[in-house]
Amino acid sequence: MRTIEELTRPNIRRLKPYSSARDEYKGKSATVFLDANENPYHVPYNRYPDPLQEEVKCRLSTVKGVPPAGIFLGNGSDEGIDLVYRAFCVPGVDNVVAIDPTYGMYEVCADINDVEYRKVRLDARYRFRAADMLAAADEHTKAMFLCSPNNPTGNCLDRTETETLLRSFDGLVIVDEAYIDFAPEPSLTSRLPEFPNLIVLQTFSKAWGCAGIRLGMSFASPEIVAVLNRIKYPYNVNRLTQQEALRMLDNPSVVRQWVDALLAERARVTEAFRALACCLEVYPSDANFFLARVTDADGIYARLVEQGIIVRNRSRIALCGGCLRITVGTRDENDALLRALSDEK
């Protein structure tokens, strides 16, 4: 593969990063802080948070098995996605390749950063081939995006094809594992030493039940993480987010209980959904949601809204015509959905 230095935009290589007060001071024994123009009152929220979230990364390292130097934390996974474009893709010159359909922010970030976004359509069963992704690339392709389990289709992508892409493509391969905790296969984080061009995205928003704190994780080589740290905003993860992340990392067994409960509900609800008169097909899911093709997606969606039940209408997404995406909720929430659909034809 091309080296990380070769992949990095020339202006980013030349960049002198902003140095905050908390970057310059690394000691732990000081008691008087007069360096950052902070208000001395309202402790501890008057103080800027750790710009590199070192305590969170150390705790996360023990849970995920990735060294702290290989972890980047951002304001949701969206920050990690956007920084890939800002760090490695020259606007108006470079391009990225992604599967289609998939998570919409990959394309939005490409458009914001003036980077060509090349879509490679999945097959009818939502599978991809590495050969098709490679055929869409050229010398200006800096990155490829995969989402596994994929959103909105819910399925894990073939691991053999993913590994073929990692070995064959000379740029970055970003694998978004937002839903990996619900999947039967292990994370690719354990393969990071083997693939220096791999970036694995995960999030606190799904299995960890922390969508409101906006904390995304990017796992990669220390070289890639160093580039992302050069261009991120100085205090991109606030103190309250870091505090809640630490609290949750002290209770990983609770997350496992939530995941087990949701997997059981996913099995129950998908089986019941298949029996509904309005259901044409439920696609296999490895996530905390499932995609279902129904008789009248627009009409059913509207009638559910009238009853205060909100699902996602994905009818206008490639390969998802007539489909609703349904998140697995609590047993009571799921029963309310099933009751509302019981009379639909």
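A residue is taken as buried when its relative accessible area is under 20%. In this predicted model, asparagine 334 has a relative accessibility of 3% and therefore counts as buried. Asparagine 334 belongs to helix H13, which spans residues 331-341. Leaving aside residues up to four places away in sequence, asparagine 334 touches Glu265, Arg268 and Val269, together with Thr327, Val328 and Gly329. One of these contacts, Thr327, falls within strand S11, made up of residues 323-327.

Strand S11 leads on to the sheet of which it is a part. Four strands make up this open sheet, in the order S8-S9-S11-S10, with antiparallel pairing. At its edges are strand S8 (279-282) and strand S10 (312-313), each of which pairs on one side only. Within the sheet, strand S9 (residues 289-294) is joined to strand S11 by five bridges in the antiparallel sense. Among the residues involved, arginine 293 has cysteine 323 of S11 as its bridge partner.

A further open sheet is built from seven strands, arranged in the order S1-S7-S6-S5-S4-S2-S3, and here the pairing is mixed. From one strand to the next, the twist averages 20°. An example of parallel pairing is provided by strand S2 (residues 95-100) and strand S4 (residues 141-147), which share four bridges.

Helix H4, covering residues 54-64, lies across S1, strand S6 (198-203) and strand S7 (216-219). The direction of helix H4 is at about 120° to that of S1.

When the whole structure is searched, one cavity of 30 Å³ or more is found. The volume of the largest cavity is about 60 Å³. Its lining is formed by Leu146, Ser148, Leu157, Arg159, Thr162, Val175, Glu177, Glu185 and Leu188. Sorted by class, the residues lining the largest cavity comprise four nonpolar, two polar and three charged. Leu146, one of the lining residues, lies in strand S4, which runs over residues 141-147, and this links the cavity to the seven-stranded sheet described above.

Technical notes:
Residues are numbered from 1 along each chain as its sequence is written. This is a predicted model: local features need pLDDT of at least 70, side-chain atom pairs count only at pLDDT 80 or more; totals for chains, interfaces and linings use all residues. Side-chain values use heavy atoms; hydrogens and water are left out. Two strands pair if DSSP finds at least two bridges between them. Helices (H or I, at least four residues) and strands (E, at least two) are DSSP runs, numbered from the N terminus. Axes are lines fitted to C-alpha atoms, for helices over the stretch in contact, and angles run from 0 to 180 degrees between N-to-C directions. Contact means heavy atoms within 4.5 Å. Buried means under 20% relative accessible area, exposed over 50%, partly exposed in between (1.4 Å probe, protein chains only). On a 1 Å grid over the protein atoms alone, a cavity is a set of points where a 1.4 Å probe fits but cannot get out, and a pocket is an open set with protein on both sides within 12 Å along at least five of seven lines; lining residues have an atom within 4 Å of a point. Grid points are joined across faces, edges and corners, and a volume is the space filled by probe spheres set on the points. Ala, Val, Leu, Ile, Met, Phe, Trp, Tyr, Cys and Pro count as nonpolar, Asp, Glu, Lys and Arg as charged, and the others, Gly among them, as polar.
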